[in-house]
There are 2 protein chains.
Amino acid sequence: MTKMLDETEARDLMSAGKIGRLGCIYDGEPYVVPVNYVFEDMSIYSHSLPGRKIEALRAHPRACLQVDEIQDDLNWRSVIAYGNFEEIRVPTERRTILGKLLERFPLLTPVESRMVEDAAAPDSIVFRIVVDRITGVEEQ
Amino acid sequence: MTKMLDETEARDLMSAGKIGRLGCIYDGEPYVVPVNYVFEDMSIYSHSLPGRKIEALRAHPRACLQVDEIQDDLNWRSVIAYGNFEEIRVPTERRTILGKLLERFPLLTPVESRMVEDAAAPDSIVFRIVVDRITGVEEQ
């Protein structure tokens, strides 16, 4: 039976997740890519090297993040959050966010550790999706 | 180290997967949803009840399917296939495709079994994404 999650359940699932699939639009086509993220205060924080995803988000800032917990085909929960892409450029803010990501994803060391120490380095993009809508469904 | 998969590796990963994240565009916004699928002869086959995904695909047939195998943050492979959405309306074709889906996803019984027996029933949508581009990356 499929039921909608209420907003608290949807937020909790988004907070618990570590890997989401980021949806964006590149040149009129949908584009989906797995990302590590931290969800806090209705923002999704992540970082990336330059590439297709960043080009897509800069050109078309509307994005979504889909996160799920799938046990099997008949027992799963999925949540999707929509929002607008914003780059974080202020070094102190970059450092704080990279610190949170590093804490949650210790395997990302040492590249990201170096980035935390030198958060002003321009080659990595730190960004947030400012979420304005979140919905979820559960099948069980 | 990140490397591009060649097309054979990308196709193999797409064939091996069972759950993908379908990306489409709904009202100018990206939309991502997990789906069960079968990949065969450069087409992605799936089915759905009516809803947001089907509305999106009918309005904007360009879609993608992203599939990954993630061991941890530093060991993963991800593939994305792009193509155009087509509904399968011919009852014999619907039956064949639902049969393949049912074989691969036995847990989907009994709803889909009934659909195979009565594949002309209009309430379920059987569709394919006719793939024209597939790329993949590997991190290890």
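**The nonpolar core**

Q: Which residues touch the most other members of the largest nonpolar core?
A: This is a predicted model, and in its largest nonpolar core, which has 62 residues, A:Met14, A:Ile134, B:Met14 and B:Ile134 touch the most other members.

Q: What does A:Met14 touch, not counting residues up to four places away in sequence?
A: Its contacts are A:Tyr37, A:Phe39, A:Leu65, A:Val67, A:Val79, A:Ile80, A:Ala81 and A:Ile134. Another core of nine residues lies apart from the largest one, and its members include A:Val38, A:Ile97, A:Leu98 and A:Phe105.

Q: Switching topic: how can chain B be laid on chain A?
A: A turn of 180° with a shift of 0.0 Å along the axis does it, and the RMSD is 0.0 Å. The two copies are thus related as by a two-fold rotation axis. The same surface serves both of them, as 100% of the contact residues of chain B recur in chain A.

Q: Now strand S3 of chain B, residues 29-36: why is it largely enclosed by the rest of the structure?
A: Eight of its eight residues are buried, so S3 of chain B is largely enclosed. On one side B:Glu29, B:Tyr31, B:Val33 and B:Val35 are buried, and on the other so are B:Pro30, B:Val32, B:Pro34 and B:Asn36.

Q: And in what sense does S3(B) pair with strand S2 of chain B?
A: Antiparallel, over eight bridges. B:Ile25 stands opposite B:Pro30. The hairpin has two residues between the strands, and B:Asp27 takes a positive phi near 55° there.

Q: What ipTM does the predictor give the complex?
A: The ipTM is 0.91, with a pTM of 0.92. For chain A, the mean pLDDT is 91, and 90% of its residues reach 70 or more.

How values were computed: Residues are numbered from 1 along each chain as its sequence is written. Chains are lettered from A and ligands numbered from 1 in the order in which they are written. This is a predicted model: local features need pLDDT of at least 70, side-chain atom pairs count only at pLDDT 80 or more; totals for chains, interfaces and linings use all residues. Side-chain values use heavy atoms; hydrogens and water are left out. Copies are superposed by least squares on the C-alpha atoms of residues with pLDDT of at least 70 in both. Contact means heavy atoms within 4.5 Å. A nonpolar core is a set of buried Ala, Val, Leu, Ile, Met, Phe, Trp, Tyr and Cys residues joined through side-chain atoms within 4.5 Å. Buried means under 20% relative accessible area, exposed over 50%, partly exposed in between (1.4 Å probe, protein chains only). pLDDT is the predictor's confidence in each residue, from 0 to 100. Helices (H or I, at least four residues) and strands (E, at least two) are DSSP runs, numbered from the N terminus. Two strands pair if DSSP finds at least two bridges between them.
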